[in-house]
Amino acid sequence: MNPDLSRPRPAGREEHPLLPPFAERDLPAGRHQFHKERLMAQIHEDLRAADTAARAPAQAAPARVTGSRNPFLRRAVFVPAAFALAGALAVGFLSYADRGAADGPGSTVATGPALTTRIGTADPKGAPQLLDRISLASASVSGPAVRADQFIYIGSKAANTYVKTVGNKSTLVSLPLHVRHQWNSPDGTKGWLIEPGNTGPEGVTLAGPDEKGNTPTPYLNAPTYNYLAALPTDPDVLLRRIYEETKGMGNGPDQEAFTTIGDLLRSSYPPAELTTALYKAAAKIPGVVTVDEAVDAAGRSGVAVARLDEHSGQRVEWIFDRQTLTFLGERSVQVQGESGEQGLIKPGTVVYTSAVMTRTVVDGIKELPPTAP
């Protein structure tokens with residue numbers, strides 16, 4: 001729903017966003033609205049580079065982030081109101097840098113070792129059965145209804161690993177685990193985001209038109225709650241629509257469909273009927289497997305439904321509680337080959353990890369529920 005700047009983009013290609021319906025999405029066409037995320041990430045990266053250059057000897061090259069993923073970007077699902085975020089974040093980033101952040105005193109950018117994990121064992125035959133059980137479990141759990149004057153709140157934790165290059169030296173570092181708060185109105189016209197390192201302490205508004213003054217129309221990869229509530233709940237019809245709307249994007253149609261469903265499960269608030277349909281649709285995607293063990297960003301262990309991106313060698317894993325089959329979070333793990341500059345991202349590296357801690361409905365924007373992280 002909102003731009004989750006901690007989540008990197010899929011490895012193996014640079015994704016350039018689009019603005020529906022007048023701009024190109026991803027490399028080919030229409031994906032998540034990376035146009036805004038790309039702009040915001042560039043602002044942040046320019047500030048980091050400028051800060052590094054100011055503190056380094058004159059002959060030293062400024063720092064740059066390279067490799068398969070940019071640490072400030074991710075494949076996010078966010079509401080059209082997020083188009084207002086770029087300008088607001090520009091101000092937020094400037095004030096944040098002025099306080100000595102952006103790799104300076106008080107920075108939230110870690111310089112420690114990469115996140116690593118044991119690579120769980122994949123079972124190519126268990127996914128349909130597990131997803132069927134998950135869909136049944138999700139059908140019995142319905143969240144509170146959303147009134148037009150209320151807000152959907154999602155509180156989550158996230159961290160990621162990336163390659164950082166200064167001059168001719170590249171190192172693998174991790175951004176620290178941080179909490180992210182987001183609020184959105186059902187129609188997507190109002191919203192707020194607080195995410196350390198990407199916004200100021202008070203956060204930024206997500207309300208307002210896009211940079212052309214237009215109110216964007218919600219679509220599959222930039223939905224509002226109202227849009228999600230109107231999607232088909234027949235798994236075959238839903239999956240066909242996903243394939244059609246994501247055609248030509250990402251690292252192949254099957255991987256893109258899997259990632260799109262994962263975005264909806266993690267970053268939005270789909271009605272129970274749609275959640276069930278999403279799980280049943282995912283079971284029909286070729287290459288989906290189960291993984292015997294995976295740990296989310298909050299340290300909760302569970303079983304995972306996953307798919308290997310053969311272009312990057314990274315496996316995207318949706319993590320579920322073993323007993324309740326509740327969705328816990330998602331992570332991307334390098335499981336085959338190496339990626340990143342100089343091949344620094346080795347098998348076992350957790351490129352991205354997240355945990356959904358609270359997903360509910362509140363009466364006011366910026367209102368934190370008792371269960372907020």
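I take helix axes as lines fitted to C-alpha atoms over the stretch in contact, with angles running from 0 to 180 degrees between N-to-C directions. Helices (H or I, at least four residues) and strands (E, at least two) are DSSP runs, numbered from the N terminus.

I note that this is a predicted model, in which local features need pLDDT of at least 70 and side-chain atom pairs count only at pLDDT 80 or more, while totals for chains, interfaces and linings use all residues. Residues are numbered from 1 along each chain as its sequence is written, and side-chain values use heavy atoms, with hydrogens and water left out.

Helices. I looked up H3 (residues 127–139) against H7, and found that their axes come within 8 Å and cross at roughly 180°. The two are therefore roughly antiparallel (an angle over 145 degrees). In this contact (heavy atoms within 4.5 Å), H3 contributes Leu 131, Ile 134, Ser 135, Ser 138 and Ala 139, and H7 contributes Ala 272, Thr 275, Thr 276, Tyr 279, Lys 280 and Ala 282. I then checked burial (under 20% relative accessible area, 1.4 Å probe, protein chains only): 9 of the 11 residues of H7 (residues 272–282) are buried, so this helix is largely enclosed by the rest of the structure.

Strands. Counting strands as paired if DSSP finds at least two bridges between them, I see S3 (residues 151–166) and S4 (residues 169–184) paired antiparallel over 14 bridges. They form a hairpin with 2 residues between them, and Gly 167 in the turn has a positive phi of about 65°. Val 166 has Lys 169 of S4 as its bridge partner. S4 also runs antiparallel to S5 (residues 191–194), joined by 4 bridges, and the bridge partner of Trp 183 is Trp 192 in S5.

How values were computed: Buried means under 20% relative accessible area, exposed over 50%, partly exposed in between (1.4 Å probe, protein chains only). Angles under 35 degrees count as roughly parallel, over 145 as roughly antiparallel, 65 to 115 as roughly perpendicular and the rest as oblique.
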